[in-house]
Amino acid sequence: MLYLDNSATTQILPEVKDAMLPYLLEEFGNPSSKYYSLATNANEAVKQARQHVASLVSCDIDEVVFTSGATESNNMIIKGVADYYRDKGNHIVTTKVEHPAVLEACKYLEQRDYKVTYLDVDQFGRININDFKQVIEEDPPILVSIIWGNNEVGSLNPIKEIAELCEEQDIFFHTDATQVIGKVKFSLSDYPGISFLSGSAHKLHGPKGTGMAILRKDSLGIPVKLTPLMHGGGQERDYRSGTLAVHNIVGFGKAAELAFENLNHNISKLEELESTLSGLLKEKFSDHIIFNNDQKDKIPGIVSVQFKGVNNEVLVKSLADHIASSTGSACSSSKPSHVLEAMGCTIEEIRSTVRFSISPTTDSQDLAIFNEL
Ligand code: PMP
């Protein structure tokens, strides 16, 4: 079976599994315990994983907070900043094409007297920087949360410009980078305007159930303050209490290490595979298909395509024995895509869209199966 739903989740790499196994078996210590080797080994393993994750995005190790995944990171940052800085204001700016973990957190805050502006997007799902500028000048927000690369169509937002504007105006800027980490080359040191970033291990061949919130220090090196989502034993420097999932964190660290080492190779491979897949689809279906995704400034490996006059649920189901694909985001697969709707697609266009998402581990030979459809 050809697995083309890598934006939903990825398969753990063998090296990741091998790295994790000792921490599920013999090395079972609690990293917060002290003195005996089971505890210190676990603590050391978490430290190493933190270093790998920090290197992948190029931030300081004490800016990494391990969470249960990007859903938690998004919630923690949005609700945590909104609550902590409530005295400074109640305006939050986001977009109409965020992941539900951002949108629902914002809706929750709206019910608690926060004002949320949901920015419109263009036909590829990107915000307009002039609209954004106007919105933040008219009513300076306490937080901006804008997705870096879209999970349904792959489009990249103008993060550099957004970060610069936020930095100039001293506004906290959070970006959900879950889909771009390991697939787009960036270094947070080039983006001083990004205050917060979310990511997840299972999108880069690591385990499910772990992720990160990057909480950046200010220009004086002072840690940012926000209200924690989890109160308790004070792990993760009080930002996120709870016993660390050492095996998962070690797996995340290994996946991050491999993603960092192979970044250039993986990006080229994804670009190549995407071009092969798009070519095969064009050849096979010519004017019966329309690509929703832009061809440039995008995450390589995400292909969103309308099959004219075909119902996407029926298509994805009929392909399911041979190809794993999806109608869009796995997190909201029962509803018509809010992303495509915001991009201006009609309900018919949305109902005929299938997303294929590739991994660098995809075998290009296997894509030939499209010739046999
Ligand atoms: N944000 C984006 C852009 C995503 O694609 C996902 C995963 N579908 C998430 C957040 C949620 O990540 P997790 O599964 O780690 O909670």
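**Entry 1: the domain interface.** I started with the area buried between domain 1 and domain 2, which comes to about 2500 Å². Carbon and sulfur atoms give 55% of that area. A reminder to myself: this is a predicted model.

**Entry 2: where the domains are.** I looked up the bounds in the domain assignment. Domain 1 is made of two stretches, 2-9 and 264-372, while domain 2 runs over 14-261. On the contact between them, domain 1 puts in 31 residues and domain 2 puts in 29. I also checked how far apart the domain centres are, and over C-alpha atoms I got 27 Å.

**Entry 3: what holds hands across the interface.**

**Entry 4: the domain 1 side.** I wanted to know which elements of domain 1 touch domain 2. Helix H8 (263-285), strand S10 (302-307) and helix H10 (338-342) each supply at least two residues to that side. H10 gives the most, with four residues. Sorting that side of domain 1 by class, I noted twelve nonpolar, 14 polar and five charged residues.

**Entry 5: the whole chain.** I zoomed out. The chain has eleven helices and twelve strands. Its C-alpha atoms fill a box of roughly 65 × 55 × 35 Å along the principal axes. Does the radius of gyration agree or disagree with that of a compact globule? For 373 residues such a globule would have a radius of gyration near 21 Å, and the chain has 21 Å, so the two agree.

**Entry 6: charged pairs.** Some background first: side chains of opposite charge can pair when their charged atoms come close. In total, I have 14 salt bridges written down for the structure. One of the pairs I looked up is Asp294 with Arg126, where the closest N and O atoms are 2.9 Å apart. Another is Glu44 with Lys47, at 3.9 Å from N to O. The cut-off for a salt bridge is 4 Å, so the 3.9 Å of Glu44 and Lys47 falls within it.

**Entry 7: a closer look at that last pair.** Where do Glu44 and Lys47 lie? I found both in helix H2 (residues 37-57). They are three residues apart, which is about one turn of the helix.

How values were computed
Residues are numbered from 1 along each chain as its sequence is written. This is a predicted model: local features need pLDDT of at least 70, side-chain atom pairs count only at pLDDT 80 or more; totals for chains, interfaces and linings use all residues. Side-chain values use heavy atoms; hydrogens and water are left out. Domain bounds come from an automatic or database domain assignment. Contact means heavy atoms within 4.5 Å. Buried area is the accessible area (1.4 Å probe) that two parts lose on being put together, summed over both. A salt bridge is a side-chain nitrogen of Lys or Arg within 4 Å of a carboxyl oxygen of Asp or Glu. Ala, Val, Leu, Ile, Met, Phe, Trp, Tyr, Cys and Pro count as nonpolar, Asp, Glu, Lys and Arg as charged, and the others, Gly among them, as polar. The radius of gyration is taken over C-alpha atoms; the globule rule is 2.2 Å times the number of residues to the power 0.38.
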